[in-house]
Amino acid sequence: MALRPSLTPTARTAAVVFALAAGLTAASIVIDASDGPGGPGGSGGQDAARALHPAAARYEQLSGDGLARQIDAMQTHLRAEPKDAESWAGLGSAYVEQARTSGDPTRYPQADKAFARSLSLEPRDNDVALAGRASLAAARHDFRGALRDADKALKVNSYSQGALAVRVDALVELGRYKDAYTAAEKADSLRPGIPVFTRLAYVHELRGDPAGARRVLLRAQDSATSPSDIAYVSTALGQLAWSQGEYEAARRAYGTALRAVPDYLPALEGRGRTSVADGRQKAGIRDLEAVVRRYPLPAELAALGEAYEARGDRSKARGQYSVVDTWIALARANGVATDLDSALVAADHGDVKEALKAARAEWDRRHTVHTADALAWALHRNGKDEDALKYAKDAAEPGYRNAAFLYHRGVIEKSLGDDGPARRHLKAALDLNPGFSPTGARAAKAALKELGATR
């Protein structure tokens, strides 16, 4: 049973909960116990929940049934060998990946128990379980916990690619961008490879260097040989191109990814967003619907909802936004911090007071460009523009240029009567990525028209 955008609200809620619990798609992640100088290349895993944020590590694409069979095999083995600490850690990592790739957060408590069992059997020198537990913490958005466990794993094995990768992710998500760059450079010197290259590229992008990010991703592309690696790196290149408004380059990259792994969801989503951005709404919505049927997470649901809204179908759009609330409730019940998801969707499509409450809670936990932008926009939506402008400026502090952030800042400045800066930032948003959001881009053009300016 899959989520269908046309379901009634009650049926839709039941469908999405079923889909989340069933785990409609999956991929496996293997954290190699032999990580080390000259050891086999392990594949640490990280948060792939938001399309292909470079916090995702290399993984081998499997069907949902394939990962389920892998889990069944490990469970069978552990019933016969219950003191196998390494297999308990492997089972925990498989649960994390099943939760991450299916959007089903109910697997996280099971992963937690598996890592705890592994560590109880082998409390010392168990870098595999520690790196896995770090990945679990990151997937739950507990980035301080992720950093703590990654550091513990690296004390045991300084060459653990999984721990090195999660450490970069945690530092990025805590807003410690200089430390993240240093960590990514160190990881590149110790264990160069696709998981590290993609993280290093993302840090370059956050520092306002998309050209540097592209150079690193091309380096990753040169080393990609398996279909899953080709799909993963090509999708990262597509996302970078899309963020710079280079839609043809993005489309080519997503095409490469989908030829390597047909129905690869991050590439399908990217192709859908690109099609919507450059006016091919029917094709874009078709791709986004296919993604949401298998991967009903907040960012994807909101993207489809905005595509419907731009097409004039407000009823279907509201249906997608309502499912976000269902996912957030289920995720919270399974230990996932969801305030950033709540703030981003609610500010535009829900209760603005709840959006501000969630954004403030997330800002209290971590100061990043994304939490700064979310708080700025929630403050604006609640009529607190003077406070909002401070956070909008914080969102650009490391040099990061994001069209949605520029749009938010321009709208806030317009509300304050700062017409010159407002025109500059609204124009910059549309110049950078003219289709950054089907609803936001339209609003940016309308605001510029009110200000007597054109793109």
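Biologist: Are Trp363 and Tyr391 buried or exposed?
Modeller: The model is a predicted one. A residue is called buried when its relative accessible area is under 20%. By that cut-off, Trp363 and Tyr391 are both buried.

Biologist: What is the geometry of the pair formed by the rings of Trp363 and Tyr391?
Modeller: The ring centres of Trp363 and Tyr391 are 5.2 Å apart, and the planes stand at 80 degrees. Planes over 60 degrees apart count as edge-to-face. The pair of Trp363 and Tyr391 is therefore edge-to-face.

Biologist: How many residues apart are Trp363 and Tyr391?
Modeller: Trp363 belongs to helix H18 (residues 352–365), whereas Tyr391 belongs to helix H20 (residues 385–394). Their pair links distant parts of the chain, and the separation is 28 residues.

Biologist: Which class describes the aromatic pair of Tyr407 and Phe436?
Modeller: The centres of Tyr407 and Phe436 lie 5.5 Å from each other, with 45 degrees between the planes.

Biologist: Which residue has its charged end over the ring of Tyr181?
Modeller: A charge qualifies within 6 Å of the ring centre and within 35 degrees of the ring normal. Here the distance to the centre of the Tyr181 ring is 4.0 Å, and the residue is Arg207.

Note on methods. Residues are numbered from 1 along each chain as its sequence is written. This is a predicted model: local features need pLDDT of at least 70, side-chain atom pairs count only at pLDDT 80 or more; totals for chains, interfaces and linings use all residues. Side-chain values use heavy atoms; hydrogens and water are left out. Rings of Phe, Tyr and Trp (its six-membered ring) pair if their centres lie within 6.5 Å; planes under 30 degrees apart count as stacked, over 60 as edge-to-face and the rest as tilted. Helices (H or I, at least four residues) and strands (E, at least two) are DSSP runs, numbered from the N terminus. Buried means under 20% relative accessible area, exposed over 50%, partly exposed in between (1.4 Å probe, protein chains only).
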